Amino acid sequence: VTGVQTCALPIWTPDSKKVVLQVQNREQTFLDLNFADARDGKSVTVVHETSKAWVAINDNPHWLKDGSFLWQSERNGWNHFYHYNQDGKLLRQLTDGKWEVVAFSGLDEEKGLLYFTSTQHSHIAPNAYRVKLDGTGLTRLTQSEGSHRVTLSPASNYFVDSWSDLNTPTQTRLFDTTGKLIRNINENRV
């Protein structure tokens with residue numbers, strides 16, 4: 001099809017049976033999430049995003065052990081997380097409101113928790129949050145006013161927060177996943 005381009009790097013489903021491709025037209029008015037069978041190459045569109053104005057390209061899906069996946073979408077005018085089964089059937093919307101998910105930070109599947117940064121508290125200063133995989137229990141984890149960028153540990157028990165505000169250069173702190181400060185890593189004093 002003329003004017004169609006592949007977006008994001010192709011990835012594999014966790015069972016390695018399908019290649020996952022994002023395809024978008026040059027005008028960026030649609031974005032398809034396609035699964036292509038590795039054996040015969042047949043492709044199926046599992047998510048189709050459309051907009052008269054523009055469809056943003058988000059991260060690739062974030063996979064859960066059961067083959068379901070988390071997907072970011074701006075379909076309601078705000079960037080939020082959606083949970084789909086392995087065949088692309090929408091299970092539920094995980095986040096909702098007149099605010100944006102800024103970035104995926106990590107997933108603790110054993111505890112059923114998704115970690116991310118968003119503008120829920122301030123539209124100009126992202127904070128760290130978590131929400132249960134059933135869409136309940138939205139919790140703000142960073143309390144300092146200003147912008148936060150977080151990285152969740154591989155064991156999902158700590159996160160590193162890079163924080164700054166108008167008067168403070170970036171400081172780095174270590175927190176547990178309840179939001180309790182463990183230690184200052186770099187105060188970056190002026």
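Two strands are taken to pair if DSSP finds at least two bridges between them. Strands (E, at least two residues) and helices (H or I, at least four residues) are DSSP runs, numbered from the N terminus.

This is a predicted model, in which local features need pLDDT of at least 70 and side-chain atom pairs count only at pLDDT 80 or more, while totals for chains, interfaces and linings use all residues. Residues are numbered from 1 along each chain as its sequence is written, and side-chain values use heavy atoms, with hydrogens and water left out.

**View A. Pairing of strand 6 with strand 7.** Strand 6 (residues 69–73) and strand 7 (residues 80–84) run antiparallel and are joined by 5 bridges. Ser73 faces His80 of strand 7.

**View B. The open sheet 5-6-7-8.** Four strands form an open sheet with antiparallel pairing, in the order 5-6-7-8. Strand 5 (62–63) and strand 8 (90–93) each have a single partner strand and stand at the edges, so one side of each lacks a neighbour in the sheet.

**View C. The nonpolar cores.** A nonpolar core is a set of buried Ala, Val, Leu, Ile, Met, Phe, Trp, Tyr and Cys residues joined through side-chain atoms within 4.5 Å; buried means under 20% relative accessible area with a 1.4 Å probe, protein chains only. The largest core has 13 residues, of which Leu33, Phe35, Val46, Val47, Phe69, Trp71 and Tyr84 touch the most other members. Two or more residues come from each of strand 3 (30–37), strand 4 (43–50), strand 6 and strand 7. Strand 3 contributes the most, with 3 residues. A second, separate core holds 12 residues, among them Leu94, Leu114, Tyr129 and Leu133.

View D. Strand 9 pairs with strand 10 (residues 113–118) in the antiparallel sense over 6 bridges. In this pairing, Asp108 is opposite Leu113 of strand 10.

**View E. The chain as the setting of the close-ups.** The chain contains 16 strands and 0 helices. Its C-alpha trace spans about 55 × 35 × 30 Å along the principal axes. Of its 190 residues, 45% count as buried.

Conventions: Buried < 20%, exposed > 50% of the residue type's maximum accessible area, 1.4 Å probe, protein only.
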